Amino acid sequence: MKKGKLSWNITHMCNRNCRHCQVNSVEHSDKNDHLKWLPMSDAFKVAEKLSSNNIEYVGIAGGEPTLVPYLEALVEYASKQCGIELELVTNGILLTEESVFALAQNLKKVATSLDVDDMSPTAVFGRGLFQVETVKRTINLFKKYGISVEVKTLIPGSVNTNRLEQIVETVAEFGASEIQLRQWFKSEGLEIEFPRGLATTDEQFNGTADSIMQKYPDIKISKFSVEDMIKNYKVISFDAEFYTYGKDKRPIYHGNLLTDNLNLSQFLERI
Ligand code: SF4
């Protein structure tokens, strides 16, 4: 019986350059500079390996997965041939009516992001003001096919609570199925200069998130803390490497799905 769940970052490329992005933290892109994503046949093999390792639910993420030219074929193969339930994590920018029609046949859910600074004239994170419209469009495109869209939002340490409330009200009005409030995670392997005020203490994060959840009891809102991140992090990188996180906030490399005889079942009970 299948029972596992993980994320698969099918590319480390993105069409945005958010300053809080964590993608390069565990993906060893220095030794794979030439590789943006696996050849399609290898990506299909990864899907087969996930299925044979009893992985039943996979979040297809990146980078930006819609940059990968065979995304629709991969999603169809993983769903129909490998029996994996799929979630797509996307910034939504490249989605079209046609691509959504093809993707929606094989997806269970979509997740996208809208952060406080995406709505601020002094935005420093990176997606920009147009992300509000992109999130609205993404929700509407998938709604036609009955696919729910979750919106993730970072709570910075220096959060402007009014703007956070504005985000919650805006995405609820757009029809998001759920809003996930996230604490920003600074991996020890992450070499980026992060915007001042982005890191939150556990106390700050929980205080802000709890007050938002209390203020909007009728909106489905969840929290995702650094502790949750460490506990739940199980990721296949764009070059098929499998990582979890240690309590010291450092990525732990376990092997490559294509070249090593990896047994993922030992990690499944931690999901
Ligand atoms: S859109 Fe997402 S993956 Fe792309 S740079 Fe921003 S945070 Fe990173």
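**Entry 1: strands S6 and S7**

I started with strand S6 (residues 178-183), which pairs with S7 in the parallel sense over four bridges. Two strands count as paired here if DSSP finds at least two bridges between them. Strands (E, at least two residues) and helices (H or I, at least four) are DSSP runs, numbered from the N terminus. As a reminder to myself, strands of a sheet pair through backbone hydrogen bonds, either parallel or antiparallel.

**Entry 2: what kind of model this is**

I noted that this is a predicted model, where local features need pLDDT of at least 70, side-chain atom pairs count only at pLDDT 80 or more, and totals for chains, interfaces and linings use all residues. Residues are numbered from 1 along each chain as its sequence is written.

I checked pLDDT next, the predictor's confidence in each residue, from 0 to 100. The mean for the protein is 86, and 84% of its residues reach 70 or more. Over residues 25-29 the pLDDT is below 50, yet this stretch has 16 contacts in the model beyond near neighbours in sequence. A contact means that the C-beta atoms of two residues, placed from the backbone, lie within 7 Å. I'm careful with such spots: where pLDDT is low, the predicted coordinates should not be read in detail.

**Entry 3: the whole sheet**

I listed the secondary structure and got eight helices and ten strands. In what order do the ten strands lie in the open sheet? I read it as S7-S6-S5-S4-S3-S2-S1-S8-S9-S10, with mixed pairing. Strand S7 (221-224) and strand S10 (251-256) stand at the edges with a single partner strand each, so one side of each has no neighbour in the sheet. Neighbouring strands are turned by 25° against each other on average, direction ignored. For such angles, axes are lines fitted to C-alpha atoms (for helices over the stretch in contact), and the angles run from 0 to 180 degrees between N-to-C directions.

**Entry 4: S4, S5 and S6**

I followed strand S4 (residues 109-113), which pairs with S5 in the parallel sense over five bridges. Lys109 stands opposite Ser148 in S5. S5 also pairs with S6, again in the parallel sense, over six bridges, and there Lys152 stands opposite Gln180. From S5 the chain crosses through helix H5 (residues 161-174) to S6, a right-handed β-α-β crossover. Right-handed means that, with the strands pointing away from the viewer, the path from the first strand over the helix to the second runs clockwise.

I also checked how covered strand S5 (residues 148-155) is: six of its eight residues are buried. A residue is buried if 20 or more other C-beta atoms lie within 10 Å of its own, exposed if 12 or fewer, and partly exposed in between, with C-beta atoms placed from the backbone.

**Entry 5: S1, S2 and S3**

I moved on to strand S1 (residues 4-9), which pairs with S2 in the parallel sense over six bridges. Asn9 stands opposite Ala61 in S2. Four bridges join S2 to strand S3 (residues 85-89), and the two run parallel; Tyr57 has Glu85 in S3 as a bridge partner. S2, H2 and S3 make a right-handed β-α-β unit.

I found a cis peptide bond from Gly62 to Gly63, with omega near 20°. Gly63 is in the loop between strand S2 (55-61) and helix H2 (71-81).

Asn54 has a positive phi of about 65° although it is not a glycine. It sits in the loop between helix H1 (40-52) and S2. Is Asn54 buried or partly exposed? Asn54 is partly exposed, with 14 other C-beta atoms within 10 Å.

Ala240, in the loop between strand S8 (234-236) and strand S9 (241-245), has a positive phi too, near 75°. Ala240 is buried, with 21 other C-beta atoms within 10 Å.

**Entry 6: the core**

I looked up the largest nonpolar core, which has 57 residues. Such a core is a set of buried Ala, Val, Leu, Ile, Met, Phe, Trp, Tyr and Cys residues joined through C-beta atoms within 7 Å. Val75 is among those with the most contacts inside it. Leaving aside neighbours within four places in sequence, Val75 is in contact with Ile60, Leu86, Leu103, Asn106 and Leu107. For the protein as a whole, 37% of the 271 residues count as buried.
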